[in-house]
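These are my notebook entries on a single protein chain. I record what I looked up, in the order in which I looked it up.

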Amino acid sequence: MPDPHDGRSAPDTFAKRVRQARERRGMTRAAAAERVGHSYEWWKGIETGRLLMPRLPMLMRIADVLGVDSLADLTGDDRVTASAYSNTSHPSLGRVKDSLTKYTFRHSDVEPQSETQLMSRVRQAWLLWHGIGDHRTHIADVLPALLSDLQHAARTLDGTARRRVLAALAETYHLAQLYLSFQPVPELVMLTGDRAMAAAQDADSPHAIAVAAWYMNHVFRDAGESHQARTELALSAAGLLRCERGEEDTARWGLLHLAVALSYAKVGQVGSAEHHWEKADEAARALGDAYSHPYLIFGRGMVDAYRITMYTDLTQPGPAVTAARGLDASVMPSATRRGFHAIEQARAYSLAGEDVAVVHFLKQANDLSPETAKYNLFARRVVADLVESGPVAIRGNARSLARAWNVPAA
């Protein structure tokens with residue numbers, strides 16, 4: 001019986017069609033991979049079915065590189081529903097979008113909230129994001145007013161108070177950026193990232209600039225920016241930090257080296273990726289096993305968790321699964337992040353073809369952070385596939401998840 005995960009076993013699969021289109025083009029795997037900004041191993045994973053069909057922007061890039069006029073020539077009759085293979089909208093998206101694209105100006109005579117009050121609201125917002133439950137829904141309830149009040153304070157205040165408020169505004173834009181991730185508004189993700197960096201620079205705060213660089217790095221990876229641009233951004237920001245100053249600098253320095261490691265992993269540069277992961281590991285060890293940054297969550301758990309992502313992006317199933325097996329996510333004081341990394345564990349096991357483990361970790365992610373799981377593109381795609389072609393023993397569990405996430409194929 002043909003293996004549904006082996007692109008060479010069935011002529012009508014996406015994997016097979018990609019391989020045939022490349023061969024008709026007379027292009028090697030290495031050349032095709034370079035043209036779309038991925039590694040040879042990533043392209044091989046696509047052609048052998050080890051990797052799932054990518055999301056629409058990458059599909060379009062593959063089609064362009066292969067000279068395919070219609071995406072249907074690649075997708076064929078494969079089930080590619082909008083809800084399973086593209087972003088699905090959170091109910092509060094319109095409200096958050098309005099807060100970012102509509103401008104309200106208060107008279108300068110209107111007294112802003114105190115710096116202390118505003119900073120306290122930002123801290124509370126981060127607690128909502130990392131807390132148990134529907135974190136996107138909770139953060140959408142506070143973001144519009146918080147952004148408006150911080151913007152007014154930044155226009156009204158001056159000196160040190162203004163710079164602190166600007167740093168807090170940058171943090172709030174990061175929360176908006178996190179809310180918007182996996183939503184069908186990539187232009188707003190870029191907008192919030194850019195505004196966060198502008199606020200951080202106006203604040204003249206190396207700490208704020210470092211965090212803005214971390215979040216912009218994710219934006220650049222999703223937008224297909226070259227790894228040189230991503231690594232230059234992260235390393236330039238890291239150069240503003242001094243680990244001898246204490247925990248805040250050390251955590252951000254480690255975070256930026258994680259960004260560099262992930263950037264190199266995306267293009268298959270194993271040695272460089274591992275080198276910068278070791279730099280992040282060095283920072284985590286210096287901070288101690290019990291340390292976790294209050295809102296960035298950088299620490300031992302996060303560094304170990306991103307090791308899974310690094311090897312999965314390098315399409316190395318053995319090291320990825322080894323890292324997944326060794327992860328103790330309980331040390332991260334964030335339900336949202338634990339949920340995300342459970343999905344990354346599922347992604348590692350998917351690469352290895354271990355579907356039972358995939359469903360186990362997706363269920364775990366759903367229990368930890370339902371809105372993290374529901375809006376994650378990998379989670380939606382793999383559940384849709386497992387409902388149709390997964391082992392019979394797990395199709396019921398996959399179907400339950402698909403129903404919970406409103407994936408129509410269920």
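**Entry 1: H135**

Which residues does H135 touch, not counting residues up to four places away in sequence? I list L128, W129, T336, S369, E371 and T372. I note that the model is a predicted one.

I then placed H135 in its element, helix α9, which covers residues 135-156. The relative accessibility of H135 is 1%, and because buried means under 20%, H135 counts as buried.

H135 and S369 are separated by 234 residues in sequence, yet their C-alpha atoms are 7.7 Å apart in space.

**Entry 2: the chain as a whole**

I next asked how many helices and strands the chain has. I found 22 helices and 0 strands. The radius of gyration is 22 Å, close to the 22 Å that the globule rule gives for 410 residues, so the chain is as compact as a globular protein of that length. Along the principal axes, the C-alpha atoms fill a box of roughly 70 × 40 × 40 Å.

Of the contacts with a separation of 6 or more, 67% are between residues 24 or more positions apart. Buried residues make up 53% of the 410 residues.

For the surface, I noted that the chain exposes about 17400 Å², and that carbon and sulfur atoms supply 50% of this area. For charge, I noted 47 positive and 47 negative side chains, with the centres of the two sets 3 Å apart.

**Entry 3: helix α16**

I turned to helix α16, residues 300-313, and checked its length. At 1.5 Å a residue, its 14 residues should span 20 Å; the end C-alpha atoms are 20 Å apart, which agrees.

Is α16 mostly covered or mostly open? I found it mostly covered, with 12 of its 14 residues buried. The buried residues include R300 and D313, and among them are also M302, V303, Y306, I308 and Y311.

I recalled a general point before reading the backbone angles: most residues other than glycine have a negative phi.

The loop between α15 (270-287) and α16 holds I297. Phi of I297 is positive, near 65°, in a residue other than glycine. I297 has a relative accessibility of 1% and therefore counts as buried.

After α16 comes T315, which lies in the loop between α16 and α17 (317-325). T315 is also a residue other than glycine with a positive phi, in this case near 50°. At 5% relative accessibility, T315 counts as buried.

**Entry 4: Q345**

My last entry concerns Q345, a residue of helix α18, which runs over residues 335-351. At 5% relative accessibility, Q345 counts as buried.

With what is Q345 in contact, leaving aside its neighbours within four places in sequence? I list I308, A324, L327, F361 and Q364.

Conventions. Residues are numbered from 1 along each chain as its sequence is written. This is a predicted model: local features need pLDDT of at least 70, side-chain atom pairs count only at pLDDT 80 or more; totals for chains, interfaces and linings use all residues. Side-chain values use heavy atoms; hydrogens and water are left out. Helices (H or I, at least four residues) and strands (E, at least two) are DSSP runs, numbered from the N terminus. The expected span of a helix is 1.5 Å times one less than its number of residues. Buried means under 20% relative accessible area, exposed over 50%, partly exposed in between (1.4 Å probe, protein chains only). The radius of gyration is taken over C-alpha atoms; the globule rule is 2.2 Å times the number of residues to the power 0.38. Contact means heavy atoms within 4.5 Å. Accessible areas come from the Shrake-Rupley method with a 1.4 Å probe; for residues, only the protein chains shown count as cover. Lys and Arg count as positive and Asp and Glu as negative; His and the chain ends are not counted. The place of a charge is taken as NZ of Lys, CZ of Arg, CG of Asp or CD of Glu.
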